[in-house]
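Take a walk through this model, one region at a time. Start with the rule for charged pairs, then follow it through the chains.

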Amino acid sequence: MRQWRIIAKEAMTRASIIGKFLCLLHVTDAYVLSSNHVLGPSMLPTLNITGDVVLVEHLSHRLGKLGSGDLVLVRSPLDPKKTLTKRIVAMEGDKVTFSLDSTRSHNSRSLVVPKGHVWIQGDNLYVSRDSRHFGPLPYGLIEGKVFMRVWPPSSFGLWGE
Amino acid sequence: MRQWKIIAKEAMARASIIGKFLCLLHVTDAYVLSSNHVLGPSMLPTLNITGDVVLVEHLSHRLGKLGSGDLVLVRSPLDPKKTLTKRIVAMEGDKVTFSLDPTRSHSSRSLVVPKGHVWIQGDNLYVSRDSRHFGPLPYGLIEGKVFMRVWPPSSFGLLGE
């Protein structure tokens, strides 16, 4: 009987240590720095189609330090279970001019990005579904800023711009 | 010298216990259950104008178990630093008919809630700014479901419909 109690107590202690570690890991991952695997053709040539591992920091968007040209990880407004990686093209109050289909026609539309929203586009305009399709993105859906690539090793490092 | 080392070690041990506790508290608060102070006239008579303390659970929206009639805490699409408390009136795919100003005109508009969005309205239609003003809300901005009021004590109990 006493032996089971000792084993149970040991198990509880170990489980609580693991629990505390996972807790700390999660808070760091969600609020400081995380790594993400991003893939798809919508951000060529900046990101590879076969997939890159990037580092995402979760501080800038909470401090209001995002701006045009930043690569961001956002929650998709069309499917809340998915995240997208796109570039901020315009902040709230900016005027944005865009063409839905660059290959077919030359007509373009203009609008002003409303308060509390940003305008995101993929670098590969021909295959990216972004604000040109689903409209301005509410700022609250931004999850972090992509600042560095760590895989593949040949493309390790920051991007220039 | 040795005394300072002992004090520093004790301080680190205590700081790490406090850190682990805050971590656990935060993860519970963000992903399981939290309390919120909500105030304003937009949800009369369901919620008081002078302020209520409500319990918010953060599980249902991640499991996709939200539906029409649920009271939800959402991040404002107009100001990402604010949260709003409103009621879900229609889910994605539903048709919603609304009138911007019930006192002034009888004209109403209809639209279908797009995929990945919900339609929220305050119970007090005359003073609430909601989806009738800023459009369908992306599902990703929902933070939790309000299910119970704990303050003031005279109104203690479950909320909902």
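A salt bridge here is a side-chain nitrogen of Lys or Arg within 4 Å of a carboxyl oxygen of Asp or Glu. By that rule, B:Asp70 and B:Lys145 form a salt bridge, with N and O 3.8 Å apart. The two residues sit in distant parts of the chain, 75 residues apart. B:Asp70 is in the loop between strand 2 and strand 3 of chain B, while B:Lys145 is in strand 9. B:Asp70 counts as buried because its relative accessible area is 15%, and the cut-off for buried is under 20%. Keep in mind that this is a predicted model.

A:Arg87 forms a salt bridge with A:Asp123, and their closest N and O atoms are 2.8 Å apart. A:Arg87 belongs to strand 4 (residues 83-90) of chain A. A:Asp123 lies in the loop between strand 7 (117-121) and helix 2 (131-134). The separation is 36 residues, and again the pair links distant parts of the chain. A:Asp123 is partly exposed, because its value is 26%. Over all chains, the structure holds 14 salt bridges.

How many salt bridges run between chain A and chain B? The count is 0. Side chains of opposite charge can pair when their charged atoms come close. What does the interface hold in polar contacts? There are 4 residue pairs in polar contact across it, with both residues at pLDDT 80 or more. Helix 1 (residues 2-31) of chain A gives the most to the side of chain A that touches chain B, with 7 residues. That side divides into 11 nonpolar, 4 polar and 4 charged residues. The contact takes 19 residues from chain A and 19 residues from chain B. The size of an interface is often given as the accessible area lost when the parts come together. For chain A and chain B, the buried area is about 1500 Å². Carbon and sulfur atoms give 70% of that area.

UniProt lists residues 1-30 of chain A as "signal peptide", in an unreviewed entry. In the model this span is 97% helix and 0% strand. Its end C-alpha atoms lie 43 Å apart.

Chain A also has cis peptide bonds to look at. One joins A:Leu44 and A:Pro45, with omega about -5°. A:Pro45 lies in the loop between strand 1 (33-38) and strand 2 (52-57). Another joins A:Trp151 and A:Pro152, with omega about 5°. A:Pro152 lies in the segment after strand 9 (142-151).

Back in chain B, UniProt places "domain: Peptidase S26" (unreviewed entry) at residues 17-99 and 108-151. Residues 17-99 are 18% helix and 35% strand, and the end C-alpha atoms of this span lie 54 Å apart. Residues 108-151 are 9% helix and 48% strand, with end C-alpha atoms 37 Å apart.

B:Ser76 is found in the loop between strand 3 (71-75) and strand 4 (83-90). B:Ser76 is buried, because its relative accessible area is 5%. Its side chain reaches the backbone nitrogen of B:Asp79 at 3.1 Å. Beyond four places in sequence, B:Ser76 touches B:Lys82, B:Thr83 and B:Leu84.

The other is B:Val118, in strand 7 (residues 117-121) of chain B. B:Val118 is buried, because its relative accessible area is 1%. Which residues does B:Val118 contact, leaving aside its neighbours within four places in sequence? Among them are B:Ile88, B:Ala90, B:Met91, B:Val113, B:Leu137 and B:Ile142. B:Tyr139 is also one of its contacts. B:Val118 and B:Tyr139 are 21 residues apart in sequence, and their C-alpha atoms are 6.2 Å apart in space.

Terms used
Residues numbered from 1 in each chain as written. Chains lettered and ligands numbered in written order. Heavy atoms only, no water. Contact = heavy atoms within 4.5 Å. Buried area = accessible area lost by both parts, 1.4 Å probe. Polar contact = N/O pair within 3.5 Å; in protein donor to acceptor, adjacent residues only side chain to side chain. Helix = DSSP H or I, 4+ residues; strand = E, 2+ residues; numbered from the N terminus. Nonpolar A, V, L, I, M, F, W, Y, C, P; charged D, E, K, R; others polar. Buried < 20%, exposed > 50% of the residue type's maximum accessible area, 1.4 Å probe, protein only. UniProt positions renumbered as here; feature names shortened; annotations may be inferred.
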